[in-house]
Amino acid sequence: MMRLKYRQAVYQHSDKVNEPLLVELDQQSRLPPPVPDGLGGGVDVPEHLARMRSPRLPAISELDVVRHFVRLSQMNFGVDNGSYPLGSCTMKYNPKIDDVVAGLHGFSMLHPAQDESSVQGALRVIWELQLFLIELTGMDAITLQPAAGSQGEFVGMLVAKAYFKELGELDKRRRVLIPETAHGSNFASAAMAGFEVVPVPMRDGEVDMPSFRALCDDRVAAFMATVPNTLGLFEQRILEVSDTVHSCGGLMYFDGANMNALIGVVKPAQLGFDIAHLNLHKTFSTPHGGGGPGAGPVAVKKHLADYLPIPRLRKSEDGSYTWDYASRRSIGRVREGFGNFGVLLRAYTYIRTLGFEGLRQAARDSVLVSNYAAKRLSQVYSLPFGGKPRKHEFVISSKPIGKRAFDIAKHILKWGYAPTIYFPQLVDEALMVEFTESETKREVDEYIQGLLDAAKSDLTSDPNNTAVDRLDEVRAAREPKLTWRDLGYVQP
């Protein structure tokens, strides 16, 4: 109950936190009058750039603005002020030393257009990070350029496309097989690259082998798999899948979004994969709430290395580093600069701090805590395919207890946690949980207790101690308030 008591203490000063909108703080009398229309504020502004009327902004003092945003920040939720078992999108603690290194003046003030001779230290970091990730994946070459896992997937598909084009087989190999248990972005990335997406049915939470074999022929360009899959299950027959795809002449693509369960334990190359992307902002610990920042390096086997994006980093015999743009077979550039350097720095620091053995232990701990929580919760909730051990995450269903996952989530908010619901859609009334290795047993037990409490509680009034009460779902859908005009503050 510690988290619940904490939340109650935060909000005990009022029945509800009613933070006003900035436009509601408008107090013209506290500020000088606005600049008269058409005068350009007394600054010599070209006539075609000058405003003809004052912007429609509220007149608010600096103090009110500061207090407003500080109060909003106190209502925000993140991994620094509570457990965030997001599920399928690893949100683990980011050690502050990672942020310190990324913020060092010598790194943060660099510009991508600087001469190579002036950024040798940064290039060394990139080079060494590449070596670390090549070792952890078992691949032969890598690009750090992609800015997200989804972009990494797209790059991987473009590499596959270039490979088959050079072989003269692209007209024939148009299909990408993707299990139903894969991340949704896999389907989108393959389609964006111009391939035909062919879903592979599942059986008992894993690839249905008879259906897969029937689909695997000389039209297949690649098999894209999320390992472990979105149910938190390891594809136990993945070696058989790899052998079958390769015998058909296709490539194996590894979605590394769930690599937090495998890092340092097994390498994608050992499972037969030819292409693999990693989510540095997940497995290697960079906070990525709100859509960013991210990094999705793509590693490949030797026969695909020349198709990776340019520029490629080279190390000369004298120990200096240079960028190589002279790859005739490359798919080209996919992002400005040389990748999301701040995220690369954090990942580099994380790896250097933990070492390979520390990374391996992190993976083991994440698997241990996942199975511990799944075992306890399966006594009340349904655990699909319950006879199989989970990896880093698991999915339970509230359908057997007659409650909506939506209502369960509202109750969990009251306990001070952020739940993930209705994903994957393979499970009715799904609740997905991924604690990661960062969380203490106390935090894990508290979250479990919140879910157990929800199973026997009346959930119709939850949450009742958060900044915003339960919203009217029907009215929110039918009468959305999306702009200042919708709220009546801006006249048409």
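The following legends describe close-up views of a predicted model.

In this predicted model, local features require pLDDT of at least 70 and side-chain atom pairs count only at pLDDT 80 or more, whereas totals for chains, interfaces and linings use all residues. Residues are numbered from 1 along each chain as its sequence is written, and side-chain values use heavy atoms, with hydrogens and water left out.

**View 1. Packing of helix α5 (residues 120–137) on helix α11 (residues 341–377).** Helices (H or I, at least four residues) and strands (E, at least two) are DSSP runs numbered from the N terminus. Axes are lines fitted to C-alpha atoms, for helices over the stretch in contact, and angles run from 0 to 180 degrees between N-to-C directions. Angles under 35 degrees count as roughly parallel, over 145 as roughly antiparallel, 65 to 115 as roughly perpendicular, and the rest as oblique. The crossing of α5 past α11 is left-handed, a term that applies if the near helix is turned anticlockwise from the far one by less than a right angle, with right-handed used if clockwise. Among the residues that meet are Phe 132 and Leu 133 of α5 and Tyr 348 and Ile 351 of α11; contact means heavy atoms within 4.5 Å. By class, the contact of α5 with α11 comprises 15 nonpolar, no polar and three charged residues. Here Ala, Val, Leu, Ile, Met, Phe, Trp, Tyr, Cys and Pro count as nonpolar, Asp, Glu, Lys and Arg as charged, and the others, Gly among them, as polar.

**View 2. Packing of α11 and α13.** These two helices, α11 and α13, pack at about 25° with axes 10 Å apart, so α11 is roughly parallel to α13. The crossing of α11 past α13 is right-handed. Contributors include Val 369 and Tyr 372 of α11 together with Val 444 and Ile 448 of α13. The contact of α11 with α13 divides into eight nonpolar, no polar and three charged residues.

**View 3. The open, mixed sheet of seven strands.** The strand order is β1-β9-β8-β7-β6-β2-β3; two strands pair if DSSP finds at least two bridges between them. Strands β1 (141–143) and β3 (196–200) stand at the edges with a single partner strand each, so one side of each lacks a neighbour in the sheet. The twist from one strand to the next averages 20°. Strand β1 runs antiparallel to β9 (residues 298–300), joined by three bridges, and Thr 143 stands opposite Val 298 in β9. Helix α7 (residues 184–192) lies across β2 (175–179), β3, β6 (220–226) and β7 (251–256), at about 175° to β2.

**View 4. The hairpin of β10 and β11.** Strands β10 (residues 312–315) and β11 (residues 321–324) pair antiparallel over four bridges. Arg 314 has Thr 322 in β11 as its bridge partner. Five residues lie between the strands, and Gly 319 takes a positive phi near 90°.

**View 5. The loop residue Asp 208, between β5 (206–207) and α8 (209–215).** Asp 208 is buried, with a relative accessible area of 6%; buried means under 20% relative accessible area, exposed over 50%, and partly exposed in between (1.4 Å probe, protein chains only). Leaving aside neighbours within four places in sequence, Asp 208 is in contact with Val 200, Pro 201, Met 202 and Arg 203.
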